[in-house]
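I opened this notebook to record what I looked up, entry by entry. The first entry starts from a single residue and the later ones widen the view.

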Amino acid sequence: MGMTRGLIITALFGIVLFLLIPAYVPRPRFIPGFAPPPDMWPRTVSMIGIALGLLLAGLSFLPKAEAIADPEDASAIRGNTPVTTLLIRFGWTILAFVIFIGSVKLLGFLLSSILLLAVMLILTGYWRQKIVALLVAVVLPLALYLFFSSALNTRFPIGSLFKAIGI
Amino acid sequence: MLNDLLVAFQAVATIENFLIMAAGIWGGVIIGAIPGMTGTMAVTLALPFTFYMQPIPSILLLVALYKGSTYGGSVSAILIKTPGTASAACTTLDGYPLAQQGKAGKALNMALYSSCTGDLISNLSLIFIAAPLALLALRIGPPEYFMLMIFALTTVAGVSGRSLVLGLVSACLGLLLATVGEDMYGSFRFDLTVDMQSGLAVAPVLIGLFAIPELLKIIIFRNTTTHKPMQMGDNQVTRVELRRCLKAMLKGSMIGVVMGAIPGIGPSAAAFSSYGEAQRSSKNRENFGKGELEGIAASESANNGCCGSTMIPLLALGVPGDVITGVMLGAFMIHGMTPGPMLFENNLHEVYMLFIGMLFSSVLLFGAGKATMRFFSHISRIPPSLMAPIVLALCVFGIFSISNNMYDVIVLLAMGVFGFFMFLFAIPAAPFLIAFILGPMLEENLRRALALSRGDPSILVSSPITWLFASLAVFVVVVTIRQQLKKASA
């Protein structure tokens, strides 16, 4: 774990330093010579990050330093569940998030939230209490929608589908 | 002065004023407890109502909302691991573990006692030492700010858990993410999309990092065995516990007062500094992050300790220290009062009325906190498999309402997934958050200082104040490294 993590961290900061900063942190022409340019800080932090990643990878070879490099990890709560099952559950959750974001324009914020909440209740396993879960999935987003739109004048997206049918 | 204060006391002690302050405190507690809704939002929303009110009751309403929301942030931080406000993020570290152990009531009570203590001390400081503190605040320039931020960042070591290296990695990630958006010269950094030009707001990052990973853990690992419903009999903070936490509370209040008086620092930095200090000086430092009452006392006393003292630069110098006091400056001006040295000449009676009203509001905060605690305590009885999706809905609606933009909701969910990966790699989330909040101030002041000195770094250690903060930071780092090495050799 220690070695892989160290290398991943090094790679992450390396991508920022060598790819993202040159492409996405431009140096404006009007800054006088003595003032630090905008890329100074992200470059410094990325370099420190790379050093720390390499340090972590290096520490994984020293058994004495394991305590300061490798605290308890997620395996403690993973139990005996196969990795495939965990990945499938993770995949479903990410898919639900992506569909929620994509569906707001079409179905509107309220309906998308109801669907998201229903899917989350299914995924957490609470859906066995069908009536309570259904009530929560419908009533909570509705109550929040009414509260925020009336008390704070929040303009939630209505959705192109509802606009098309004149709601 | 005493006579003036007594006259002001008479003027403030009316049922109408009490009702206004109680409504403000109560509303603030509820707003602060809702993830995504902040004290700034509460104060801004209430501002139009104050147009039709008398000057002092209107300012008192805004102050009450500010105080209430600062305390309210701790409620959701403790019960659902979702800090209602950024300044309550530190409270999550020990509050939520206590709630998991079935001691949510104890944590909420400690948060309330500490908030009220911090608030009271802050108000007294405002009344008695406003002038010297305002003068100190005036002497703080970019180099001093930078060193102060470096000192505040040493808290990272305290909240890194067992691994300082992983804590530093987390802090670097936070510093890097804080650079997204417009920089001080107007150019854009890491603007992969047009929305990213506005940067990443604190609320979605903060809430995403703490609240969403809990949902993902429940969904993916289906591990809910740690949930214990809160026992009502385990609600009270004992005298022994209160005595044990008193030092952290008083120290936290003073840190809050000093950092609140400096424009631009704010309660989040104060809470983290106080937490770090409490951990360093505590006999139970090993228990911090696992459910230590001293941690809650330090964090909450410091963030509420800022509430009164943020008014010091506003009243004494006419300089608003943050957005909330900026809104209050507007309220003062609407009612024909101009904060600054002349305010004490022209509107002394009103100033004293404000002082007295703020003292009353500390007592009202205690009452409102106690009254709402029983209601909030029921939240911890909800099973996590139901609670986590409810929290998600609250977060999604709350975050959308801040900017009426789906971008913040996307940031919220993305940060949740990022936070989950941090958990998988055992990278602590707290250092990330501290760095994300302090990062922009740190960078801006470093660059300003270097620009002032034409690139000469010696400006960073050019005054006694910078030396003081630099020495404190070095001391803390050395002590932490020694502790870590001792642990490793053991």
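Entry 1, one residue. I note at the outset that the model is predicted. I looked up B:L412 and found that this residue touches B:P204, B:I207, B:G208, B:I212, B:C395, B:V396 and B:I399, with residues up to four places away in sequence left out of the list.

I next asked which residues have the most contacts inside the largest nonpolar core. They are B:L62, B:I78, B:V391, B:L412, B:L433, B:I434 and B:A435, in a core of 202 residues. I recorded that helix 4 of chain B, residues 55-80, gives the most to this core, namely 15 residues. Chain A takes part as well: the core draws at least three residues from each of its domain 1 (2-71) and domain 2 (83-164).

I looked up how chain A is divided and found domain 1 (2-71) and domain 2 (83-164). Taken over C-alpha atoms, the centres of these two domains of chain A are 37 Å apart.

I found 61 residues from chain A and 56 residues from chain B in the contact. On the side of chain B that touches chain A, the elements giving two or more residues are helix 10 (164-177), helix 12 (212-221), helix 20 (384-403), helix 21 (406-424), helix 22 (429-452) and helix 23 (464-489) of chain B. Which helix gives the most to this side? I found that helix 20 of chain B does, with eleven residues. By class, I recorded 37 nonpolar, ten polar and nine charged residues on the side of chain B that touches chain A.

Conventions
Residues are numbered from 1 along each chain as its sequence is written. Chains are lettered from A and ligands numbered from 1 in the order in which they are written. This is a predicted model: local features need pLDDT of at least 70, side-chain atom pairs count only at pLDDT 80 or more; totals for chains, interfaces and linings use all residues. Two residues are in contact if their C-beta atoms, placed from the backbone, lie within 7 Å. Helices (H or I, at least four residues) and strands (E, at least two) are DSSP runs, numbered from the N terminus. Ala, Val, Leu, Ile, Met, Phe, Trp, Tyr, Cys and Pro count as nonpolar, Asp, Glu, Lys and Arg as charged, and the others, Gly among them, as polar. Domain bounds come from an automatic or database domain assignment. A nonpolar core is a set of buried Ala, Val, Leu, Ile, Met, Phe, Trp, Tyr and Cys residues joined through C-beta atoms within 7 Å. A residue is buried if 20 or more other C-beta atoms lie within 10 Å of its own, exposed if 12 or fewer, and partly exposed in between; C-beta atoms are placed from the backbone.
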